[in-house]
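Hi everyone, thanks for coming.

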Amino acid sequence: GDAHSQPQVSMLRPPGMAENVISLLHRNDQTELQTQGALMIAATCGQNEENRRVVVAAGAVDILVNLLTSTDPELLEASTKALANLLKPTQSQINKGSPLASTVRMGADRQSSSADDLNMSSINLNEGAGAKFCRAGGVEKLVELLKRGSQRVKEAAATALANVLTDSTGANRNKFLTAGVLEPITLLLKHGEPLAQEKATTVLINAMRDDESLAQMRSKKDLIFGLLVHQLTTGTPNGQELAAAAIWKACAMGLTANTRGAIPGLISLLKTGDQIAQTQAAGALRSTCVTDYDNKLEFNREGGVKALVDVIRARSGAAEQACAAIANSCASCPENQTAARHAGAVSTLVDLLKSHLRTGLPDESNLTLVKFVVVAIRNICVDNWELQEELYRCNGIPPLMDLLWSCAGVSTEVLELVISTLYHVSTLSENVQSAIRCAVRYSRGSLPMLLQDQGLQQGAREMLANVAKFVDRTDI
């Protein structure tokens, strides 16, 4: 039977219980008992970290790796699933996650790296299990199963490989380079059953971690990217979500430069997916629109600007990445700025900013979102009188000024972003300039004091000095 569908059996803590289960694996004379033992390990260790620790310590990994050469199809499937479950990461490692470098246009005047991370399930696994598995030749045996196994075995083998590749120490990842994993994984992604395709995509996500792995993947980058784009429209809902995540990571890590073909599928997922899928789609769109002007135009032609505004307006969990994506797509792109105006982006962003400032200064739970909202407002309104006027009409200056005073002496990064935004949204609109003047007159802050902040970069100081010109000397 399917080990993943088995009920979770009791803890394997009583002395000798794990050893008794493992002893079944040694019964070479009775494959039925070996299969039963492997299924019990798969069932008891699927969701139970303590059971995994006990079974690994009792020596199950080496035995199960040896069983990967079995000619009995049921034993082979059960052993592969048992190993896949033993190699799962712990919950604490999943919660910790792994940073993924991505980029957001922090301004029309400069580009900076974003400070946010993305959990991509690329995390350390149980090192004891992973090390034992690799020393026993497990990766090479899984590659063989990817080539000759049944669909169910291939699915389990891909799951185990995805878990092995979460090892950030590099030892297990080197096996990926030497064992020839990439070829059978791309074939599985192309021809496998839907669930097997999901597992193959996860392998690719977890493989995108270091220069050596990326160099190997670049040799097949067009094939891999094409298959991922195909998954966006033909995969299961989970497969589409994983494909978007893989595309986001591939773009952010520079695996491929030709990303335009992914845009229609990502926008479709943005419109139809759940919040997690929308987050992955928005993140991928954010990366495709960092600097490529033609990508920005394609994004707008496919209705991407409105789709992002709809996500932001819904206040979904994908709003953070949606704000970053709309910031990138509108940076130095008048066509997308116009689309943002028609979609009501400015008022939507201002409302979102106000809602997050009602409880005071942004904290760790919403600081990244607030930064992206501020950058999006700025990139939408820069050098555009109509949008600056729209910002004035929706009363967008007071919350920006509140954030300015709140961040002084607390967060230089946010302070500089707000200064840059106030400067860029006030260049053409006298109404905005007047609103800034009014906000200073009735505020608790002082522009001269901010100008004396030694932590400000020279560029921010110069922009703040220009903002101060809108204010009467008697007001400051």
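When I say helix, I mean a DSSP run of H or I with at least four residues, while a strand is a run of E with at least two, and both are numbered from the N terminus. Before I go on, some housekeeping: this is a predicted model, so local features need pLDDT of at least 70 and side-chain atom pairs count only at pLDDT 80 or more, while totals for chains, interfaces and linings use all residues. Residues are numbered from 1 along each chain as its sequence is written, and side-chain values use heavy atoms, with hydrogens and water left out.

Okay, back to α25, residues 397-407. Buried here means under 20% relative accessible area, exposed is over 50%, and partly exposed is in between, using a 1.4 Å probe and protein chains only. The buried ones are I397, P399, L400, M401, L403, L404, W405 and C407. They pack against α22, α23 (367-381), α24, α26 (412-424), α27 (430-441) and α28 (447-451). Contact, by the way, means heavy atoms within 4.5 Å.

Two of those neighbours also pack on each other. α22 (residues 345-357) and α24 (residues 385-393) meet at an angle of about 40°, with axes 9 Å apart. The axes are lines fitted to C-alpha atoms, for helices over the stretch in contact, and angles run from 0 to 180 degrees between N-to-C directions. So α22 is oblique to α24; under 35 degrees would be roughly parallel, over 145 roughly antiparallel, 65 to 115 roughly perpendicular, and the rest is oblique. On the α22 side the contact uses V346, S347 and V350, and on the α24 side L387, E390 and L391. By class, that's 4 nonpolar, 1 polar and 1 charged residues. For the classes, Ala, Val, Leu, Ile, Met, Phe, Trp, Tyr, Cys and Pro count as nonpolar, Asp, Glu, Lys and Arg as charged, and the others, Gly among them, as polar.

**Another helix pair**

Now α18 (residues 293-301) and α21 (residues 334-342): their angle is about 25°, and their axes are 9 Å apart. That makes α18 roughly parallel to α21. Which residues meet here? From α18 we have Y293, K296, L297, F299 and N300, and from α21 P334, E335, N336 and A339. That contact has 5 nonpolar, 2 polar and 2 charged residues.

**Two buried side chains**

Q278 sits in helix α17 (residues 275-288). With a relative accessible area of 11%, Q278 is buried. Leaving aside residues up to four places away in sequence, Q278 touches L269, L270, G273, V311, S316 and A318. Q278 and A244 are 34 residues apart in sequence, yet 9.0 Å apart in space, C-alpha to C-alpha.

Then there's T44, in helix α2 (residues 31-45). T44 counts as buried too, at 3% relative accessibility. A polar atom of the T44 side chain lies 3.4 Å from the backbone oxygen of I41.

**Zooming out**

Overall, the chain has 29 helices and 2 strands. Of its 476 residues, 56% count as buried. And of the contacts with a separation of 6 or more, 74% are between residues 24 or more positions apart.

Definitions and conventions: A polar contact is a pair of N or O atoms within 3.5 Å; within protein, one must be able to donate a hydrogen and the other to accept it, and residues adjacent in sequence count only if both atoms are side-chain atoms.
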